[in-house]
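Have the sequence and the model open side by side as you read.

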Amino acid sequence: MGWNKPDVYYQPEKFGLTIVAEDDQDDSYGFDKFVVWKDVNSNLYWSTDSGCSCPSPFEAHGAVADLDYAKTAQDVLREYQAWYAEKYTKDENLYADMVATLMQL
């Protein structure tokens, strides 16, 4: 990641994307993210990434093609619920916020 090599998380606008929803279930110095993007045509994309504090989230995601395309917000919701179900520690407030946001898309 860097300004000469943008990534979809820190510079989504360089890819015609906007982050519309995000959950990070890591409660320490790392990250464990589920992120949803929308493009200018309202297409939805999602992806997950996790790691320690050394790498940047989604630094290997240098193109929209690196993300998963979703036909509907319901598709994203199903993927998010499956991701969340596998978490060892869970923040139910973040979960509720994410579900509410996805239901509005």
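## Glutamate 79 in helix 1

Glutamate 79 sits in helix 1, which covers residues 73-85. The model is a predicted one, and in it this glutamate is partly exposed, with a relative accessible area of 37%.

Beyond residues up to four places away in sequence, glutamate 79 touches Phe34 and Trp46. Glutamate 13 is another matter: 66 residues separate it from glutamate 79 along the chain, and the C-alpha atoms of the two are 24 Å apart.

Moving on, lysine 87 belongs to the loop between helix 1 and helix 2, the latter being residues 92-104. Is lysine 87 buried or exposed? Its relative accessible area is 16%, and because the cut-off for buried is under 20%, lysine 87 counts as buried.

What does lysine 87 contact, once its neighbours within four places in sequence are left aside? The partners are Gln25 and Asp32. With aspartate 32 there is also a polar contact, side chain to side chain, at 3.0 Å.

Glutamine 11 has a relative accessibility of 1%, so it is classed as buried.

The side chain of glutamine 11 has a polar atom 3.0 Å from the backbone nitrogen of aspartate 7.

## The chain as a whole

Stepping back, the chain has 4 strands and 2 helices, and from the N terminus their order is β-β-β-β-α-α. The radius of gyration is 13 Å, close to the 13 Å given by the globule rule for 105 residues, so the chain is as compact as a globular protein of that length.

Of the 105 residues, 37% are buried. Taking contacts between residues at least 6 apart in sequence, 45% of them join residues at least 24 apart.

## Surface and charge

The chain exposes about 6,200 Å², and carbon and sulfur atoms account for 47% of that area.

As for charge, there are 19 negative side chains and 8 positive ones. The centres of these two sets lie 6 Å apart.

Key. Residues are numbered from 1 along each chain as its sequence is written. This is a predicted model: local features need pLDDT of at least 70, side-chain atom pairs count only at pLDDT 80 or more; totals for chains, interfaces and linings use all residues. Side-chain values use heavy atoms; hydrogens and water are left out. The radius of gyration is taken over C-alpha atoms; the globule rule is 2.2 Å times the number of residues to the power 0.38. Buried means under 20% relative accessible area, exposed over 50%, partly exposed in between (1.4 Å probe, protein chains only). Contact means heavy atoms within 4.5 Å. Accessible areas come from the Shrake-Rupley method with a 1.4 Å probe; for residues, only the protein chains shown count as cover. Lys and Arg count as positive and Asp and Glu as negative; His and the chain ends are not counted. The place of a charge is taken as NZ of Lys, CZ of Arg, CG of Asp or CD of Glu. A polar contact is a pair of N or O atoms within 3.5 Å; within protein, one must be able to donate a hydrogen and the other to accept it, and residues adjacent in sequence count only if both atoms are side-chain atoms.
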